[in-house]
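Welcome! Here is a short briefing to read alongside the sequence and the 3D view. Take a look at the structure first, and then follow the points below.

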Amino acid sequence: FPVTIQPEGLHTKKSFSELIEKRVKDDRSSYLEAIIDVCKEKMIDPEDIVKLLSNPIKAKLEAEGMNLGYLKRTNELPFE
């Protein structure tokens, strides 16, 4: 069986989300900055953490991107 290696201390979406939320609160940084900082500290390629991003973190990243003009604003509400 193939073995999946998890970054140290980041085993689940929940633990990663908690780490990012704590970093945002403690450092008063953006979600993007917090994620990049954690990736640098843990020497993780940012592409490797995509599966660890929870839906709330993704939504917060999207909102930040729109507010900063990095993403196009949408006029529609997302319905699932």
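Read along the sequence, the protein chain shows the pattern α-α-α, and its secondary structure comes to 3 helices and 0 strands. Helices (H or I, at least four residues) and strands (E, at least two) are DSSP runs, numbered from the N terminus. Please keep in mind that this is a predicted model, where local features need pLDDT of at least 70 and side-chain atom pairs count only at pLDDT 80 or more, while totals for chains, interfaces and linings use all residues. Residues are numbered from 1 along each chain as its sequence is written, and side-chain values use heavy atoms, with hydrogens and water left out.

**The chain as a whole**

- The protein chain has 80 residues, and buried residues make up 28% of them; buried means under 20% relative accessible area, exposed over 50%, and partly exposed in between (1.4 Å probe, protein chains only).
- Among contacts in the protein chain with a separation of 6 or more, 48% are between residues 24 or more positions apart; contact means heavy atoms within 4.5 Å.

**The nonpolar core**

- The largest nonpolar core has 13 residues, and those touching the most other members are Phe16, Ile20, Ile35, Ile49, Leu53 and Ile57. A nonpolar core is a set of buried Ala, Val, Leu, Ile, Met, Phe, Trp, Tyr and Cys residues joined through side-chain atoms within 4.5 Å.
- Helix 1 and helix 2 each supply at least two residues of this core, and helix 2 gives the most, with 5 residues.

**How helix 2 meets helix 3**

- Two packed helices are described by the angle between their axes and the distance between the axes.
- Helix 2 (residues 31-42) packs against helix 3 (residues 55-67) at an angle of about 120 degrees, and their axes are 9 Å apart. The axes are lines fitted to C-alpha atoms, for helices over the stretch in contact, and angles run from 0 to 180 degrees between N-to-C directions.
- Helix 2 and helix 3 are therefore oblique to each other; angles under 35 degrees count as roughly parallel, over 145 as roughly antiparallel, 65 to 115 as roughly perpendicular and the rest as oblique.
- On the helix 2 side, the contact is made by Tyr31, Leu32 and Ile35, and on the helix 3 side by Ile57, Lys60, Leu61 and Glu64.
- The residues of this contact divide into 5 nonpolar, no polar and 2 charged. Ala, Val, Leu, Ile, Met, Phe, Trp, Tyr, Cys and Pro count as nonpolar, Asp, Glu, Lys and Arg as charged, and the others, Gly among them, as polar.

- Alanine 34 sits in helix 2 and is buried, with a relative accessible area of 0%.
- Leaving aside neighbours within four places in sequence, alanine 34 is in contact with Ile20, Arg23, Val24 and Ser29.
- The C-alpha atoms of alanine 34 and leucine 19 are separated by 8.9 Å, and these residues are 15 residues apart along the chain.
- Serine 29 is in the loop between helix 1 (13-27) and helix 2, and it is buried, with a relative accessible area of 15%.
- Beyond its neighbours within four places in sequence, serine 29 is in contact with Arg23, Val24 and Ala34.
- Serine 54 lies in the loop between helix 2 and helix 3 and counts as buried at 12% relative accessibility.
- With neighbours within four places in sequence left aside, serine 54 is in contact with Lys13 and Ser17.

**Loop residues with positive phi**

- Arginine 28, in the loop between helix 1 and helix 2, has phi near 55 degrees, a positive value in a residue other than glycine. Arginine 28 is exposed, with a relative accessible area of 77%.
- Methionine 43, in the loop between helix 2 and helix 3, has a positive phi of about 55 degrees although it is not a glycine. Methionine 43 counts as exposed at 76% relative accessibility.

- Glutamate 21 is found in helix 1 and is partly exposed, with a relative accessible area of 28%.
- Not counting residues up to four places away in sequence, glutamate 21 touches Tyr31, Ile57 and Lys60.
- Glutamate 21 and isoleucine 57 are 36 residues apart along the chain, and their C-alpha atoms are separated by 8.5 Å.
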